[in-house]
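Reader: I would like to learn how to read a model of this kind, feature by feature. Please give the general idea each time, then the case at hand.

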Amino acid sequence: YTGLVLDCEAGMCRTSFHVTCAQMLGYLEEKPDEASSTKPFYGYCKIHVDKDVARGRKKKYQHYVQYESVAKQRVVSDDMKRIIMGHREKFLTAWAKRTVPAVMTEKHPRALFGSVSAFTKLTRKAEIHGLDTHIVLADGGDIAEPTRRVEPELSVGFVKQHEMYVNRARAAREEQHLAYLKQLEYREEEHQLQAEVEELRK
């Protein structure tokens with residue numbers, strides 16, 4: 001195995017993995033021809049990779065390793081040759097008919113609604129402010145199916161609204177801290193009054 005690591009291409013995902021490990025598990029993908037000069041390969045981690053595609057690549061890699069191990073021993077059975085040649089013909093046919101996917105040539109920050117952790121934090125803040133976090137669909141509305149690659153898109157209104165929520169949460173924390181300090185003062189006054197009452201009773 002090599003020490004060289006590859007970063008996941010899914011937005012702001014910070015998962016890193018070895019290139020050889022990605023090749024073994026089927027996580028490694030090849031970029032289109034126009035981007036092959038700078039960075040010919042890229043990969044997704046086990047969370048963002050397409051499981052069906054990775055499973056097929058993993059099987060092909062296992063067949064390749066098995067073929068190499070058998071070739072080193074100079075003993076290849078006819079059945080193994082027939083299986084390998086069949087996989088080779090299928091691969092060449094699929095490669096000739098493949099459609100080049102539209103992928104990003106560089107990493108971009110992922111939108112907030114595409115991050116589970118950011119969406120969870122914003123939902124908790126909304127619940128603290130007393131907002132309804134349930135989805136309400138209009139007449140004839142529908143929820144779009146999630147996609148793997150989400151284009152980063154932050155509107156000015158969304159940023160301003162998020163900043164307003166942050167300011168309101170900060171003000172609420174300050175008010176809570178002031179109320180706590182005031183409560184401590186009341187407790188000290190209560191202890192002093194109780195001490196005075198005890199002295200008067202004596």
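Reader: Is Asp52 buried or exposed?

Author: A note before the reply: this is a predicted model. Exposure is read from relative accessible area, and a residue counts as exposed when that value is over 50%. Asp52 has a relative accessible area of 57%, so Asp52 is exposed.

Reader: Which residue forms a salt bridge with Asp52?

Author: The general idea comes first. Side chains of opposite charge can pair when their charged atoms come close. Here the partner of Asp52 is Arg55, and the closest N and O atoms of the two are 3.1 Å apart. The cut-off for a salt bridge is 4 Å. Arg55 has a relative accessible area of 45% and is therefore partly exposed.

Reader: Why are Arg55 and Asp52 separated by about one helical turn?

Author: Because they are three residues apart in helix α2, which covers residues 51-72.

Reader: How many salt bridges does the count come to?

Author: The count comes to three salt bridges. Another of them joins Asp79 and Arg82, with 2.4 Å between the closest N and O atoms. Asp79 and Arg82 are also three residues apart, in helix α3 (residues 78-96), so about one helical turn separates them. Arg82 is exposed at a relative accessible area of 54%, whereas Asp79, at 47% relative accessibility, is partly exposed.

Reader: Which side chain meets Glu185 in a salt bridge?

Author: That of Lys182, at 3.8 Å from N to O. Both residues belong to helix α5, where they lie three residues apart, about one turn of the helix. Glu185 counts as partly exposed at 41% relative accessibility, and Lys182 is partly exposed with a relative accessible area of 39%.

Reader: Now the charges in patches. Which residues gather in a patch of positive charge on the surface?

Author: The positive patch gathers Lys121, Arg124, Lys125, Arg170 and Arg173. Two elements, α4 (116-128) and α5 (156-201), each give two or more residues to this patch. The largest share, three residues, comes from α4. Arg124 is found in that helix, and its relative accessible area of 56% makes Arg124 exposed.

Reader: What span should α4 have, and how far apart are its end C-alpha atoms?

Author: A helix can be checked by setting its expected span against the distance between its ends. The 13 residues of α4, at 1.5 Å a residue, should span 18 Å, and the end C-alpha atoms are 18 Å apart, so the two agree.

Reader: Which residues form a nonpolar patch on the surface?

Author: Nonpolar side chains are joined into a patch within 5 Å. Leu178, Tyr180, Leu181 and Leu184 form such a patch, and together they have about 370 Å² of accessible area. Leu181 lies in helix α5 and has a relative accessible area of 36%, so Leu181 is partly exposed.

Reader: How far apart are Tyr61 and Gly26 in sequence and in space?

Author: Tyr61 and Gly26 are 35 residues apart in sequence, while their C-alpha atoms lie 7.7 Å apart in space. Tyr61 lies in helix α2. At 23% relative accessibility, Tyr61 counts as partly exposed.

Reader: Last, the whole protein. In what order do the elements run from the N terminus on?

Author: The order is β-β-α-β-β-α-α-α-α. The secondary structure comes to five helices and four strands.

Reader: What percentage of the residues of the protein count as buried?

Author: A residue counts as buried under 20% relative accessible area. In this protein of 202 residues, 16% count as buried.

Notes:
Residues are numbered from 1 along each chain as its sequence is written. This is a predicted model: local features need pLDDT of at least 70, side-chain atom pairs count only at pLDDT 80 or more; totals for chains, interfaces and linings use all residues. Side-chain values use heavy atoms; hydrogens and water are left out. Patches are made of residues with over 30% relative accessible area and no salt bridge: like charges are joined within 9 Å, nonpolar side chains (Val, Leu, Ile, Met, Phe, Trp, Tyr) within 5 Å. Accessible areas come from the Shrake-Rupley method with a 1.4 Å probe; for residues, only the protein chains shown count as cover. Lys and Arg count as positive and Asp and Glu as negative; His and the chain ends are not counted. The place of a charge is taken as NZ of Lys, CZ of Arg, CG of Asp or CD of Glu. Buried means under 20% relative accessible area, exposed over 50%, partly exposed in between (1.4 Å probe, protein chains only). The expected span of a helix is 1.5 Å times one less than its number of residues.
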